[in-house]
Each structure stands twice: as C-alpha cells, then as structure tokens.
Amino acid sequence: MRSWHTPIEHLKGVGPQRTRALATAGVRTFRDLLWYLPRRYLDRSTIVPIRELQPQQGGVTVLGQVRAQALVEGLRGRSRFEVLLDDGTGQLVCVWFQGLSWISKQFQTGQWVAFHGVPQRYGARLQLVHPDYDKLEGDSDPPLRTGAIIPLYPGSQALERVNLNSVGIRRLLRRLLEEPLPPLPDPLPEWIRTRYGLMPLQEALITVHIPPSWALLEEAQRRLKFDELFTLQLLLAWSRYGGGAQPQRGPVFERAGPRFRAFYERLPFVLTEGQKQAIRDIYRDVRRGGLMNRLLQGDVGSGKTIVAIAAMLLALDSGYQAALMAPTEILAEQHYSVLQEHIGHIDVQIGLLTGSLGRAERARLLEAISTGAIQILVGTHALIQEDVRFHRLGLVVIDEQHRFGVLQRAALRRKGSCPHLLVMTATPIPRSLALTLYGDLDVSIIRELPRGRKPVSTHLVSETQREALYGFLEGELARGRQAYIVYPLVEESEALDLRNAQAGYAQIRARFPHRRVGLLHGRMPAGEKEAVMRAFKAGELDILVATTVIEVGIDAPNATVIVIEHAERFGLAQLHQLRGRVGRGSERAHCFLVASSPRSPEAEARLRVLLETTDGFRLAERDLELRGPGDFFGTRQTGLPELRMANLLTDQAILQQAREAALTLIERDPSLAEPAHRELAELLRTRYGLPLELARIG
Ligand code: ADP
Ligand code: MG
C-alpha cells in the first residue's frame with residue numbers, strides 16, 4: 001500500500017539518481033514532494049515585454065525564446081557567456097561571468113525560458129547579469145497561454161542535473177497526485193478551520209502546486225501561512241503557560257527589604273525614568289503571586305543591568321535565590337564584577353558558573369547553590385544544565401534575550417520550581433513584531449539613555465584615510481582616552497579572521513609603539529581573556545584589538561573610539577551593538593567604519609543607515625526593511641519554526657487570528673490531550689520537541 005510516507009523512489013519517473021538529487025532538497029517521501037512549495041509564480045501580468053525594459057532597481061521577469069548563445073573571450077582573459085533572448089517585442093542579453101562550463105550547457109536555441117534579474121545598462125544595451133532562470137520548454141502548459149499560473153520551484157545544480165527544473169518538478173507532482181493515496185492528515189482541528197474559514201490542508205497543498213485561479217491560490221496560501229503562524233503562536237503560548245492553561249503562580253516577593261534599600265541608597269547616579277518604571281513594573285509583577293514573564297527592552301547603554309540587580313535583590317529580600325544568564329563567558333564575568341561593584345557592600349553571596357571551572361570548584365559551587373549559601377548565580381547557558389539544582393530559585397534574568405530561544409525559556413520553566421523570568425535585550429523589536437517574537441512576554445521599555453550621554457558620531461572611512469584616522473586616534477589617546485579596534489570573526493572563515501585580527505594587532509603595535517595595546521579573541525583561555533578585559537577597564541591598556549567577542553555588553557566608559565574593520569561584513573544589529581561599546585561616559589565618542597570598496601548595495605545600505613541614526617528602534621525598523629522579517633527573526637537562533645510562507649509585516653491579519661486560535665486552544669486543552677488535537681500534539685512533539693507527555697501528567 002502506498003502512503004504519504006512512501007519513499008520517493010517508488011514514484012514513477014524517479015530513479016536512483018533523481019532520488020539522490022531530491023534528497024539534497026529535503027524530498028525523501030511522497031509527503032515531502034507535496035510540501036516542496038513553489039518559490040514564485042509566473043503569469044502574463046508579471047512578465048515585462050523586453051521593449052519596455054528600463055534600467056531599474058528591482059528585479060523583473062522576461063519570457064522569451066533563446067535565439068543565440070555564445071562563450072565570449074573578454075579583456076584580460078576574462079570570458080563570459082551570453083544568451084540572446086527574444087520575446088517578439090525586442091531582444092535582450094543575459095550574461096554570466098562565473099560557472100561558465102556549467103551555464104553554457106544549460107540552454108538550447110529555440111527554447112522558451114523565463115529570466116528573472118535586474119536590468120542594467122552596459123554601454124548602449126540593457127542586460128541581465130547572472131539572472132535566475134526557469135526553462136519552460138516541454139511543459140504541457142504552453143508557456144504563454146493567457147491566465148495560466150505557472151509555479152516555479154527552487155532549483156539547484158543537483159536537481160538540474162537530473163532534469164528536475166520547474167517543468168520536471170511539475171511533472172512529478174502531477175504523477176504523485178494520480179497515485180491512489182489516503183487523505184493527508186490535517187493537524188489543524190476542525191473547529192479552528194471552520195471558525196477561520198480555512199481550506200483543508202491537502203486541498204491547499206494541491207492548489208499551490210496547480211492553481212486553478214489567483215483567488216483560490218490566495219486562499220490556499222492563506223491556509224499555509226495560518227499554519228505557520230499558528231504553530232509559532234502555539235509554541236509561544238505553550239512556553240508562557242508551561243503546558244498549563246492558567247498563568248502559573250510564582251513566588252511572592254512581598255516588600256523591598258534591607259538588601260534592596262542598601263543598594264538603592266548607594267546608587268552612584270540617579271535612575272532614568274525608564275529604569276524606575278521598569279523596576280516598578282517588575283515589583284508589581286512579583287508581589288502578587290502571579291508569574292512574571294517580562295521583557296526589558298532598552299538600547300545599548302540604557303542601563304538594563306541596574307534594573308536586573310534591583311529585581312534580584314527583591315528576590316533575595318524575600319528569601320529566594322536569583323540567577324543571571326549571559327550569552328557569553330566574558331559577559332557573564334563582567335556581570336559578576338559589576339555585581340561585586342554595586343552590591344559588594346551588601347551581605348550577598350554571588351557565584352560565577354562558567355564552563356571553564358575546574359571539576360572540584362564546580363562541585364563546590366553547585367553544592368553552595370543547592371544549599372542556598374550562594375544567593376545570586378551568574379553564568380552562561382550552563383545555568384540551565386541538568387545538574388544545577390537551586391535551593392529556592394525565585395528569579396531568572398536572561399541578558400541579551402535574542403540569543404536564547406523560546407524553547408530554552410520553556411526548559412527553564414520546567415526546572416522544577418517556577419521562577420519569575422526577566423529577559424533583557426538591546427535589540428529593539430519593532431512594534432509590529434514584538435507580539436510575534438515575544439508574544440509570551442509583557443514588555444517594559446527604557447526609552448532614554450542616562451543623562452549627559454552624547455550620541456556617538458559615526459564616520460565611514462576608506463583604506464586611503466587610514467593614516468588620518470590613526471592621527472585622530474593618537475589625539476584621543478593623548479587625552480587619556482581608550483580605543484577599541486574590532487575585526488569580524490565568523491564561523492565559516494574563523495581561522496582566516498583570527499589571523500586578520502592578529503595581523504591587525506601587530507600592525508597597531510608597530511604604528512603605536514609607545515602605547516599599550518591588548519588583544520582579545522574568543523579562542524584565548526578564559527583566564528587570559530578576563531585579564532585583558534580587566535586591564536582595559538582599569539585603564540592599563542590604551543588600545544584593545546578584538547574580534548566580535550566584545551560585541552555584547554562590555555562596559556568601559558573611558559573608551560571613546562571604536563574602529564570597526566571590514567565594517568561591510570557586519571550585520572546592522574551587530575554594528576549597532578559594537579558602536580554601543582563607546583559613548584558610555586560623558587565624553588563625545590566616535591565610531592569609525594572602515595569599509596573596502598566597491599561594496600555590495602546591501603552593505604552600502606547598511607552602512608548608510610548607521611550614519612543616519614543612533615536610535616536603536618529606528619535602526620531595527622530599517623534593518624527589517626533591508627533584510628526582510630525572515631532574516632530578522634533569525635529563527636534558527638530562536639528555535640522557532642522557520643516561516644516559509646508567512647510574512648510578519650504583511651500578514652498581520654492572519655497573525656492575529658492565528659494567535660487568537662492558539663490561545664483559545666491552549667485554554668481549552670492545555671496538554672493537547674483531546675483526540676481532535678492528536679495530530680497537532682504529534683507535530684509539536686516530533687518537530688519541536690515539546691514534552692507534551694510531561695505536561696499531561698503535571
Ligand atoms: P545596557 O543596557 O547596555 O546593559 P548597562 O547596564 O551596561 O547598559 O549600563 C551602561 C552604563 O551606564 C554602565 O556603566 C552603568 O553603570 C551606567 N548607568 C546605568 N544607569 C545609569 C544612570 N541612570 N545614570 C548614569 N549612568 C548609568
Ligand atoms: Mg547589558
């Protein structure tokens with residue numbers, strides 16, 4: 001019997017080679033093929049006649065026949081491959097400079113092909129450089145028939161090699177739909193489908209592959225988008241309620257006691273309104289016995305740490321422990337020393353748990369945590385590891401929340417006790433997205449920076465201005481200021497990046513022989529890193545050459561200059577974080593973006609945004625426009641499902657419905673135990689690892 005789980009090689013027309021190629025695209029079963037969704041659609045209304053083409057910013061689709069093709073020898077031995085396309089209104093050249101041996105074998109003269117690209121002027125003619133293409137020849141749909149909607153599939157060389165371009169995929173799909181298959185299970189409960197007027201899943205999937213009309217295609221897409229957003233909202237709702245319908249009860253922190261007051265009275269500065277309000281919000285959450293789930297948003301340098309300290313002391317004053325989690329060891333170490341600085345005079349035992357502790361030390365620390373001898377524990381992700389047992393954990397603070405996932409938050413919740421949760425982020429989330437990403441959290445926002453801060457002035461410089469830049473740097477150092485010089489470090493090119501940073505370090509030492517220069521990168525032993533950081537903060541180093549390890553949270557108010565090398569390689573949020581390392585004191589601070597040119601239009605746009613504004617919220621919105629919500633979301637990092645269909649900006653209406661449906665469902669059937677919800681429970685369990693079994697017992 002054939003089922004949706006039947007391996008794809010049992011489909012007629014799929015041999016061993018195609019089986020392998022399809023596997024590279026994640027298609028292993030009949031079901032996978034049905035879920036291999038078109039990436040876009042072609043219809044006459046979206047095709048531009050060649051005669052009407054203009055040089056322009058955005059991409060266009062042209063559809064025509066290949067008239068001629070040739071490998072052309074260019075200047076300096078640089079060859080290219082050209083295709084001449086004719087659509088009856090005019091002719092257009094498509095050109096490739098790379099992958100010539102591959103691309104030159106792709107087309108046949110007379111073939112119908114749709115090309116997608118950005119028209120650029122080259123001399124007197126217009127051309128498309130390295131366009132995407134879809135071969136339409138051989139399809140049973142004549143490509144130009146009015147009204148036909150042609151789905152186009154994501155391609156790859158592996159698929160092309162076995163003739164599985166869009167035409168080939170469509171052919172396989174038709175064959176699949178001729179198979180006598182049982183109905184595809186629909187995880188969405190009937191009552192939700194009815195309430196929101198949603199197409200059954202199987203019908204929606206068939207419709208996106210073979211759309212009879214635009215109206216039906218839209219209905220089908222709406223159903224698939226709803227599913228994505230519904231799953232997302234369900235995960236959020238589930239993590240908020242920990243698998244129970246009602247908000248759980250948390251520990252009660254009744255009053256601000258002696259520890260809180262001792263800290264508050266000795267603060268070296270006046271709190272900003274935003275900080276005060278955040279502390280009030282927290283206090284309101286924790287004194288009633290409800291469970292706090294609060295997100296604290298505030299730009300870099302807005303002083304979130306102080307708020308966290310206040311919250312932790314409220315816990316301590318009521319006899320509870322508190323934990324503070326940071327995304328990196330350096331940051332955890334820094335938090336630890338900031339805590340010492342601010343509450344060292346108070347009777348509080350603080351522990352630091354990092355991966356670099358020795359066995360015996362670790363055992364001693366864990367013991368002290370489990371007996372309650374240590375009241376505040378600072379550390380990295382290691383804090384949610386299984387062997388950490390608290391005596392009476394009342395509050396967990398997570399710094400730089402965007403690095404932690406929803407599911408990790410849920411994991412914390414499952415650690416026996418049910419602590420209050422405060423998560424802090426310097427990545428401002430545009431309003432439109434806050435609900436989605438943090439739908440399970442209440443939000444406090446610190447809008448202003450502490451008084452007296454001047455915005456960092458930002459400059460874009462090229463290699464030729466390096467000497468002038470160093471001259472400026474020399475002047476700042478002469479005034480007793482300090483500087484960071486930052487190099488990118490990404491995983492894919494880690495070894496090379498590290499060498500760059502080390503070479504930069506040598507170069508700076510040679511250029512500033514009479515200055516004290518330090519080097520900091522993630523590969524150094526923890527003790528050494530800490531020593532370098534401490535030296536820099538204490539003013540024993542003038543210049544710190546570092547990789548992106550300093551990105552998050554490091555605080556040295558006397559540093560007034562940051563030079564970011566290869567700035568074109570950083571993302572916008574990261575650049576903003578880095579820039580936030582300076583301007584933390586009252587001195588005017590400077591950020592220099594050293595970027596090589598020519599640069600990609602995307603890199604150029606990012607750098608321009610940074611010059612335009614220092615407001616984190618505006619920046620986040622621009623970032624969202626530039627990158628699109630999929631990327632912004634960084635779902636791989638957050639552990640949330642990837643959105644393939646839904647767009648968080650344009651599908652807000654569907655999002656609202658999905659959210660409402662998810663909340664209603666969790667209220668009705670918190671552990672998804674009803675038979676009607678079995679498919680859904682199965683999906684959440686297998687795909688996202690939700691321990692629904694546990695929830696059912698508890
Ligand atoms: P972030 O929100 O980026 O985590 P921090 O908590 O590290 O910011 O604070 C940045 C700096 O501002 C620290 O040196 C901190 O001591 C200082 N700071 C915090 N609040 C105030 C305030 N109200 N007035 C002046 N300085 C403050
Ligand atoms: Mg911080």
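A polar contact here is a pair of N or O atoms within 3.5 Å. Keep that cut-off in hand for the ligand stops. The model is predicted.

**Stop 1: the backbone beside ligand 1.** Select Gly 303 and ligand 1. A backbone N or O atom of Gly 303 sits 3.0 Å from an oxygen atom of the ligand. One of its backbone N or O atoms is 3.4 Å from an oxygen atom of ligand 1.

**Stop 2: a side chain.** Switch to Gln 275. An N or O atom in its side chain lies 2.9 Å from a nitrogen atom of ligand 1. How much of ligand 1 does the protein cover? On its own, the ligand has 560 Å² of accessible area, and the protein covers 85% of that.

**Stop 3: the shell.** Colour the shell by residue class.

Stop 4: Go on to Cys 591. This residue is also at 0% relative accessibility, and therefore counts as buried. How many disulfides does a search of the whole structure find? The count is 0.

**Stop 5: confidence.** Colour the chain by pLDDT. The chain mean is 84, and 86% of residues reach 70 or more. Then select residues 629-639. Here pLDDT stays under 50, and the model has 32 contacts beyond four places in sequence for this stretch. Finish at residues 693-698. Their pLDDT also stays under 50, with 8 contacts beyond four places in sequence. Where pLDDT is low, predicted coordinates should not be read in detail.

How values were computed:
Residues are numbered from 1 along each chain as its sequence is written. Chains are lettered from A and ligands numbered from 1 in the order in which they are written. This is a predicted model: local features need pLDDT of at least 70, side-chain atom pairs count only at pLDDT 80 or more; totals for chains, interfaces and linings use all residues. Side-chain values use heavy atoms; hydrogens and water are left out. A polar contact is a pair of N or O atoms within 3.5 Å; within protein, one must be able to donate a hydrogen and the other to accept it, and residues adjacent in sequence count only if both atoms are side-chain atoms. Accessible areas come from the Shrake-Rupley method with a 1.4 Å probe; for residues, only the protein chains shown count as cover. A disulfide is a pair of cysteine sulfur atoms within 2.5 Å. Buried means under 20% relative accessible area, exposed over 50%, partly exposed in between (1.4 Å probe, protein chains only). pLDDT is the predictor's confidence in each residue, from 0 to 100. Contact means heavy atoms within 4.5 Å.
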